Amino acid sequence: MIEEGKPLFLQIAEQIEDSIVDGSLAEETQAPSTNELAAFYRINPATAAKGVAMLTDKGVIYKRRGIGMFVAEGAREVLRGERRAAFADRYIDPLILEARTLGLDATDLTALLTERAAQLTAEGKNPA
């Protein structure tokens with residue numbers, strides 16, 4: 001669960017973000033405390049707090065004084081928007097550039113994507 005070479009606080013933030021995006025941590029529900037995160041991952045509470053602070057700075061979670069941390073309303077869409085943008089930067093832009101190099105236009109690319117999606121579904125590799 002913990003990756004070598006990536007800061008622990010960042011991994012904590014990403015784990016919480018993943019839970020928000022996949023719906024297992026719903027908006028307006030309580031998020032794990034820094035002490036719970038520290039105990040679960042066997043890390044220093046200050047490290048867990050740094051990951052939580054990243055998410056509060058983003059507005060994804062917020063503190064209810066005396067109660068704990070909660071997932072902000074709209075957090076899921078904010079995170080999904082960030083991930084869509086990162087997905088486009090990392091995968092779609094290079095895909096389009098390579099398609100252009102191969103002489104494929106948007107119609108060709110759409111057909112290829114549709115064909116491959118159907119193939120993966122037929123092979124049972126469709127997680128949806």
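Colleague: How many positive and negative side chains does the protein have?

Modeller: There are 15 positive and 20 negative ones. The centres of the two sets lie 6 Å apart. Keep in mind that this is a predicted model.

Colleague: What share of the 128 residues is buried?

Modeller: Buried residues make up 21% of them.

Colleague: Let's step back to the fold. Which secondary structure does the protein have?

Modeller: Five helices and two strands. Along the sequence the pattern reads α-α-α-β-β-α-α.

Colleague: Is the protein compact or spread out?

Modeller: More spread out than a compact globule, because its radius of gyration is 19 Å, well over the 14 Å that the globule rule gives for 128 residues. The C-alpha trace spans about 60 × 30 × 30 Å along the principal axes.

Colleague: What about contacts between residues 24 or more positions apart?

Modeller: Such pairs account for 56% of the contacts with a separation of 6 or more.

Colleague: Now the inside. How many residues are in the largest nonpolar core?

Modeller: That core has 21 residues. Those with the most contacts inside it are I16, I20, L37, V60 and I61.

Colleague: Which elements each supply at least two residues of this core?

Modeller: α1, α2, α3, β2 and α4 do. The largest share, five residues, comes from α1.

Colleague: Pick I16. What is I16 in contact with?

Modeller: Leaving aside neighbours within four places in sequence, I16 is in contact with L25, L37, V52 and L55.

Colleague: And L37, where does that one lie?

Modeller: In helix α2. L37 is buried, with a relative accessible area of 7%, and the cut-off for buried is under 20%.

Colleague: How far apart are L37 and I16?

Modeller: They are 21 residues apart in sequence and 9.9 Å apart in space, C-alpha to C-alpha. Beyond its neighbours within four places, L37 has several contacts, including I12, P32, A48 and V52.

Colleague: Back to α1. Is A13 buried or exposed?

Modeller: A13 is buried, at a relative accessible area of 1%. This residue is found in helix α1. Not counting residues up to four places away in sequence, A13 touches G51, M54 and L55.

Colleague: How far is A13 from E115?

Modeller: 36 Å in space, C-alpha to C-alpha. In sequence they are 102 residues apart.

Colleague: Is R42 buried or exposed?

Modeller: Exposed, with a relative accessible area of 77%. R42 is also among the contacts of L37.

Methods. Residues numbered from 1 in each chain as written. Predicted model: local features only at pLDDT ≥ 70, side-chain atom pairs only at ≥ 80, totals over all residues. Heavy atoms only, no water. Helix = DSSP H or I, 4+ residues; strand = E, 2+ residues; numbered from the N terminus. Rg over C-alpha atoms; globule rule 2.2 N^0.38 Å. Buried < 20%, exposed > 50% of the residue type's maximum accessible area, 1.4 Å probe, protein only. Contact = heavy atoms within 4.5 Å. Lys, Arg positive; Asp, Glu negative; His and termini not counted. Charge placed at Lys NZ, Arg CZ, Asp CG, Glu CD. Core = buried A, V, L, I, M, F, W, Y, C linked by side-chain atoms within 4.5 Å.
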